[in-house]
Amino acid sequence: MFGKRVLDLLIAIPLIILCAPLWLLIAIWIRLDSPGAAIFRQTRIGQKGKAFTIYKFRTMVPNADAVMRERLEKLKAEGEFDPECFVFQDKDDPRITASGRFLRRTSLDELPQLLNILNGTMSVVGPRPEVPEIVSEYTEEQRRRLDMPPGITGLAQVNGRSELTLSETLVYDLEYVRTWRFRLDLWILFKTVGAVSRGR
């Protein structure tokens, strides 16, 4: 785990410095594309179930978080919410802005999470941090994904990403937790470069 933390810092610090001009250009584009802040902040659940604030470039309309919460509550009230089949990222989601579609496709919206790596709330590789409403529906077995620090990329991200249902994502995340070795992180990083370059 010490090696994992060292790898995180060796990746995050240079990227923050090198990408600073790009961050500025993206922020300007987001502000011109739609009203609201360029950086999106949201509460997510990290290692050992601890809540933290995640940073991303905003890819949705300003009230998207409220829309998502309303959607979850409606599904629960109607008895149609199944955490194992729920897909958070819908294709042609009307909440996503024009700039947001490009940022998501290229994964540039994840760049501010380098700050999360810097403050130790995230790692480069690990299960993606989920919102509290989803985590509250986890079974005891599914909560094992919280045993590792959350990551920007992970086993699920290089095996389908948003094309996976929550159930399929959980299978990959639990496999990652059960079989984690330092070399697994290196393999996932290698696969991530290829996936991002192909827009997947």
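The questions and answers below go through helices, aromatic pairs, a hairpin and some single residues.

Reader: On what basis are the residues numbered, and what pLDDT do local features need?

Author: Residues are numbered from 1 along each chain as its sequence is written, and side-chain values use heavy atoms, with hydrogens and water left out. This is a predicted model, in which totals for chains, interfaces and linings use all residues, side-chain atom pairs count only at pLDDT 80 or more, and local features need a pLDDT of at least 70.

Reader: What distance does helix α2 reach from its first C-alpha to its last?

Author: Helices (H or I, at least four residues) and strands (E, at least two) are DSSP runs, numbered from the N terminus. Helix α2 covers residues 20–33, which makes 14 residues. The expected span of a helix is 1.5 Å times one less than its number of residues. For α2 the expected value is 20 Å, and the reach from first C-alpha to last is close to it, at 20 Å.

Reader: Which residues of α2 are buried, and why do they lie on the same side?

Author: Buried means under 20% relative accessible area, exposed over 50%, and partly exposed in between (1.4 Å probe, protein chains only). The buried residues of α2 are Trp23, Ile26, Ala27 and Ile30. They lie on the same side of α2 because the arc that they cover around the axis, taken from the directions from the helix axis to the C-beta atoms, is only 105 degrees.

Reader: Which residues are exposed on the other side of α2, and what covers the buried ones?

Author: On the other side of α2 the exposed residues are Pro21, Leu24, Leu25 and Leu32. Contact means heavy atoms within 4.5 Å, and what covers the buried residues of α2 includes β2 (51–57), α4 (98–106) and α5 (113–118).

Reader: How many aromatic pairs are there, and what is the geometry of Trp23 with Phe57?

Author: Rings of Phe, Tyr and Trp (its six-membered ring) pair if their centres lie within 6.5 Å; planes under 30 degrees apart count as stacked, over 60 as edge-to-face and the rest as tilted. The count by this rule is two aromatic pairs. The ring centres of Trp23 and Phe57 are 5.9 Å apart and their planes stand at 75 degrees, so this pair is edge-to-face.

Reader: Are Trp23 and Phe57 buried or exposed?

Author: The pair links distant parts of the chain, with Trp23 in helix α2 and Phe57 in strand β2, 34 residues apart. Trp23 has a relative accessibility of 16% and Phe57 one of 2%. Trp23 therefore counts as buried, and Phe57 likewise counts as buried.

Reader: Which parts does the pair of Trp29 and Phe102 tie together?

Author: Trp29 and Phe102 form a tilted aromatic pair, with 5.6 Å from centre to centre and 55 degrees between the planes. Trp29, at 37% relative accessibility, counts as partly exposed, and Phe102, at 32%, is also partly exposed. The pair ties together parts that are 73 residues apart in sequence, namely helix α2 and helix α4.

Reader: In what sense do β1 and β2 pair, and which residue in their hairpin takes a positive phi?

Author: Two strands pair if DSSP finds at least two bridges between them. Strand β1 (residues 39–45) and β2 pair over seven bridges in the antiparallel sense, with Ile45 opposite Ala51 in β2. Five residues lie between the strands of this hairpin, and the one that takes a positive phi, near 60 degrees, is Lys48.

Reader: Is Lys48 buried or exposed?

Author: Lys48 is found in the loop between β1 and β2 and has its positive phi although it is not a glycine. Most residues other than glycine have a negative phi. With a relative accessible area of 58%, Lys48 is exposed.

Reader: What is the relative accessibility of Lys56 in β2?

Author: Lys56 lies in strand β2. Not counting residues up to four places away in sequence, Lys56 touches several residues, among them Asp109, Glu110 and Arg128. Lys56 counts as buried because its relative accessibility is 9%.
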